[in-house]
Amino acid sequence: MIKRENIKQAIDAISERDPEIGYSLNEMLGTGKIDIPSHLDVSAQGDDFHFLFDKEKVSINKFLYFNEGTVPIEQGLLIKYGEMTKKQELLNRADSLDYKHVAIEIRKAGLKLMVIHEIDYILARLRKHQGMPESKDRHPDDKHPGLISLLEKVKQDTQTLEMYQDENDPYVLYKGIVNDGTPAHFICFPFCMDSLMQVADMNLEFFHVRFLLNCLIRGQEKSLFVCLGDRKILGLVYIVLKERMFFKGLEIKFIATLRGKTGNLSEPTYQAPRGVGAFLVAGVWMLWKIRLANVNEISLDSEIGARRFYEAVGFQSRGLSEYVLKDPKGHLVKAILIMANNCEELGKGVIEEIRAIIKKQIKFLRKKAKNEKEKSARQAVIATVKECLKSTAHPEFAETAVSPEFAETAVSALNKYGKKIPESGELIKFASEYGSGDSKAYI
């Protein structure tokens, strides 16, 4: 749980960077307007900690608190302070107010103040290291002379993330969908005001504004990717390249999605879609196969609570907590297939690998489901097979003149194993209705 001393430490840290805000927060702490919850409230906190700011609960992610100390408390205090000053400004306005719009405006004002505060903190660090002589201990920040102008530009930025949903934008790597049918893009993290405010609003594990800015100044921004759907960040993934002797591995260091939370707090009615985790892993898989061909594997260190998901998409245990992606399966295969159908840079090796994965999935259908888990896995395979039977399947999925498209590979396999697959008739009918002209001719 959070103690008053922890809040005081967070306020002191803010005071060093902005004495005016720090003074106001100290006054509020002294008068009890900032406080810790009662013992009764503490027992009902659930997954997150919280403190009180002018009687409002401020949620603090437990994982971030244990790993980052007072950083999440500092950011929570700054957001609420920004909201408070915006409320005071709006109260002084004489015009009538739309309360729904006002609530969103207040929330965004708090998020923006916090993001600007964090950017100013980074800028102070960068400027401190400017002009220092070269040494082995010199901060890596100094290797990026254009960062100061970039961050100053971010502070003034007013654009939304809509511009990053253009398929021709260099930030966009792969296009797919998440489970509710929402078009989504796997993109490099775009450093702009809107993206940083959205991350601040999400209160996710691993990812917070200071972490993202630290990645930028350390030259690690190319390791950050997001799932972007309908101008919203739905999840983030951070990858690192591990090298030793003749081995190269790609590790998913951090991954987190909006699913399981209420959605962006600045839009209380928004509910995050399912399938974002599989979408992010699919994006990493595509990145591996297309752009990092000399890498041997994808791995991750799994938390206990996430192991069910990783096993469901094809990760296999190695050691105490390490998981390695062997054969993609379940919803991951469908996510990979949709990205491949929308990708123009597939090589023959990637095409053949995806074909082999689909054939394994169809063979899986020959087994009868014995429990609910296997039934769920079966439905995921059927959804994947239907995806590769559609006329929109990638035109370069080719094999022979008899089977000119990837869809025919699936049809051929269905014909081969049809007697052992109860759904084969349904799938063949689906192909005859929604497949390409070549698929229909082959049937």
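This is a predicted model: local features need pLDDT of at least 70, side-chain atom pairs count only at pLDDT 80 or more; totals for chains, interfaces and linings use all residues.
**Entry 1**

I started with helix H2 (residues 19–30) and helix H5 (residues 71–91), whose axes come within 11 Å and cross at roughly 90°.

Next I looked up who touches whom. From H2, the contact uses Ile21, Ser24, Leu25 and Met28. From H5, Leu77, Leu78, Tyr81 and Met84 take part. I then sorted these residues by class: seven are nonpolar, one is polar and none is charged.

**Entry 2**

I moved on to an open sheet of three strands, which has the order E1-E2-E3 and antiparallel pairing. Which strands are at the edge? I found strand E1 (34–35) and strand E3 (56–60) there, each pairing on one side only.

Then I followed strand E2 (residues 49–53), which runs antiparallel to E3 and is joined to E3 by five bridges. Picking one spot to look at, I saw Leu52 opposite Lys57 in E3.

**Entry 3: helix H12**

Is helix H12 (residues 331–341) mostly covered or mostly uncovered? I found it mostly covered, with nine of its eleven residues buried. I listed the buried ones as Leu332, Val333, Ala335, Ile336, Leu337, Ile338, Met339, Ala340 and Asn341.

Methods:
Residues are numbered from 1 along each chain as its sequence is written. Side-chain values use heavy atoms; hydrogens and water are left out. Buried means under 20% relative accessible area, exposed over 50%, partly exposed in between (1.4 Å probe, protein chains only). Helices (H or I, at least four residues) and strands (E, at least two) are DSSP runs, numbered from the N terminus. Axes are lines fitted to C-alpha atoms, for helices over the stretch in contact, and angles run from 0 to 180 degrees between N-to-C directions. Contact means heavy atoms within 4.5 Å. Ala, Val, Leu, Ile, Met, Phe, Trp, Tyr, Cys and Pro count as nonpolar, Asp, Glu, Lys and Arg as charged, and the others, Gly among them, as polar. Two strands pair if DSSP finds at least two bridges between them.
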